[in-house]
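My notes follow in the order I took them.

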Amino acid sequence: MAMSTLILLAYLLAAVLFILGLKGLTHPRTAVRGNLLGATGMLLAVVATLVHQEVVSYQLILVGIVIGAAAGTLLALKIQMTAMPQMVALLNGFGGGASVLVAGAELVRRSPPAWSNQAVAVTASGLIGAVTFWGSLVAFGKLQELGFFRRPLEYPFRQPGNALLALAAVALAAWGAAAPQSPALYLALVLVASILGLTLVNPIGGADMPVVIALLNSYSGLAAAATGFVLGNTVLIISGALVGASGLILTSIMCRAMNRSLAHVLFGVLGPAEEGATADETYGGRIKATTAEEVAMLYDGARRAVIVPGYGMAVAQAQHAVRELAETLQSRGIEVEFGIHPVAGRMPGHMNVLLAEAEVSYEQLKEMDQINPTFPQTDVVLVIGANDVVNPVARTDPSSPIAGMPILDVDKARTVVVIKRSLSPGFAGIPNPLFAADNCLMYFGDGKKAVLDLVAALKEQ
Amino acid sequence: MWGIWLLASQQGAGQSMPLMALVTVFVLAIFVGFEIITKIPPTLHTPLMSGSNAISGITLVGAILAAGSGQAGLASWLGLLAIILATINVVGGFLVTHRMLGMFRRKK
């Protein structure tokens, strides 16, 4: 068999391993093996490429792989689980950047192009890759809360400016695709796409970050696929398509969980809350503050308890304290489950990872659709660092900015205890009538300390 | 864009690379992706993102071809830079996913 056929077979096997690897992720029990299958596929594809007849010099390859592997290992081992969104944003960006560079190298390397449609693929690769790279870097800066990115850059004509940039990028791409390949044209395209990447992500922030990361994840896949078209290489096309589909699905899940359209996240701002009730109207004299001892007594004779964590729990680093609380309750024969809203963390599934790190069993982590029907039979719900995702206004007030957003129906439980520093509003900027409900008690304080005090009070009983 | 695409494919009669075959592979792979990924539980969505990120580092294959072509000059240097970025993507992605998934498997 010819060498080139063997290489193609190796690529096919790699693609199959990627698919099987993703399939492994459908259950926590098989997920580790799935990830290893994917890594094996990657190793296979790389080794097959190294023996490719076009590869004649190995110094640069070795240098690049050693530097990249060292940096990647360091990053993967050092990163805190709370910082996973930043890490994924950065990796998205690197994927996009690699696509821009590979397409550029191909353009320089081959004139005339290797095949007639290569120009189209090169421009697509440069366009998507550059938007992904710079967009991801901005997303990284925002998630890492670097000073410069703390608030969006304000400048006039932001929306028309973006539209103009997008138009210019598409025009350049079309020109580049139709005209004979020109490095200068490619450079111009990458430049415009880079600015577009920066300005597109610039205004987005807060609660919308999970959507942006998921979308950039999808873009990084599409960039890889476009590079696959440049090279006429099917393993790149298949992998890129898989990742592109994955990112798109996660984007749509996140949008649905916030009841917002993708266009709204990308171009709109949250609807102003002018018509809604003010904090004074909502809370006026109806807030009941409570203490650790009182909450501990609530659990006396309780049969079922649910804990609803929000990103505030992660900010307070209260995950381990929460796990201790769950264990204490379970040791008294109380059934304990966690209700996880899809946008509870800063990226899809983030809250689950944070709780898994604190050694909460994944069987206790329930999705919104699973946990919602159980709230009427729940004695005590403890909400930690969450606000908008438990705001009943989403169900009742069609004029509210979060109207129609699916929420966790904690208000239907017998008693709700909310751990929060103050009555300050969440991302949506609106008061939460749950806090003033008859069956709700406010347990003010820092998340970690409040939970630890509660555990101590439970043990003293 | 589609018009240009069509135009480009028409003028390319007799080309060596069958564009339609590649497009077919792309479209079918997207369907496979949708089928599998909709079955992945939300609990594993973060590892899915980091793991799929590692997979999209497959661009490394193209980077190796560029850096190893033996041609001195710009193409090789672009290739080197691409290898570094893609390798961080691949190694960092698979490793951090492994680390995370270990937490889910851990039983007391």
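Which side chain does Glu54(A) meet in a salt bridge? I found Arg109(A), at 3.7 Å from N to O. I count a salt bridge when a side-chain nitrogen of Lys or Arg is within 4 Å of a carboxyl oxygen of Asp or Glu. Glu54(A) lies in the loop between α2 (28-50) and α3 (59-78) of chain A, and Arg109(A) in helix α4 of chain A, so the pair ties together parts that are 55 residues apart in sequence. Helices here are DSSP runs of H or I with at least four residues, strands are runs of E with at least two, and both are numbered from the N terminus.

Ground rules, before I go on. This is a predicted model, where local features need pLDDT of at least 70 and side-chain atom pairs pLDDT 80 or more, while totals for chains, interfaces and linings use all residues. Residues are numbered from 1 along each chain as its sequence is written, chains are lettered from A and ligands numbered from 1 in the order written, and side-chain values use heavy atoms, without hydrogens and water.

Entry: I checked both partners. Arg109(A) is buried, with a relative accessible area of 12%. Glu54(A) is partly exposed, at 29%. My cut-offs are under 20% relative accessible area for buried, over 50% for exposed, and partly exposed in between, with a 1.4 Å probe and protein chains only.

**Entry: Ser69(B).** What from chain A does Ser69(B) contact? I noted Glu54(A), Val56(A) and Arg109(A), and also Ser76(B), leaving aside neighbours within four places in sequence. Contact means heavy atoms within 4.5 Å. Ser69(B) sits in the loop between α4 (59-67) and α5 (74-105) of chain B. Ser69(B) counts as buried at 13% relative accessibility. A polar atom of the Ser69(B) side chain lies 3.1 Å from the backbone oxygen of Ala66(B). From Ser69(B) to Leu95(B) I read 29 Å, C-alpha to C-alpha, for 26 residues in sequence.

**Entry: the A/B interface.** The size of an interface is often given as the accessible area lost when the parts come together. Chain A and chain B bury about 8700 Å² between them, 79% of it on carbon and sulfur atoms. That buried area is the accessible area (1.4 Å probe) lost on being put together, summed over both parts. Helix α4 (residues 84-109) of chain A gives the largest share of the chain A side, 16 residues. That side divides into 68 nonpolar, 30 polar and 9 charged residues. Ala, Val, Leu, Ile, Met, Phe, Trp, Tyr, Cys and Pro count as nonpolar, Asp, Glu, Lys and Arg as charged, and the others, Gly among them, as polar. Chain A puts 107 residues into the contact and chain B 88 residues.

How many salt bridges cross the interface of chain A and chain B? The rule finds 0 there. Over all chains the count is 17.

**Entry: other salt bridges.** Arg395(A) and Asp411(A) meet at 2.5 Å, N to O. Arg395(A) lies in helix α17 and Asp411(A) in the loop between α17 and β5 (415-420) of chain A, so this pair ties together parts 16 residues apart in sequence. Arg395(A) is partly exposed at 39%. Asp409(A) pairs with Lys412(A), closest N and O atoms 4.0 Å apart. Asp409(A) is buried at 11%, whereas Lys412(A) is partly exposed at 44%. I also logged a network of salt bridges linking Arg304(A), Glu335(A), Glu337(A) and Lys366(A).

**Entry: Lys288(A).** Lys288(A) is in the loop between α11 (279-283) and α12 (292-298) of chain A. Lys288(A) is partly exposed, at 31%. Beyond four places in sequence, Lys288(A) touches residues including Ala437(A), Asp438(A) and Met442(A). The backbone oxygen of Ala437(A) lies 3.1 Å from a polar atom of the Lys288(A) side chain.

**Entry: chain A overall.** I counted 18 helices and 6 strands in chain A. Of its 461 residues, 56% are buried. The C-alpha atoms fill a box of roughly 80 × 50 × 35 Å along the principal axes.

How values were computed:
Buried area = accessible area lost by both parts, 1.4 Å probe. Polar contact = N/O pair within 3.5 Å; in protein donor to acceptor, adjacent residues only side chain to side chain.
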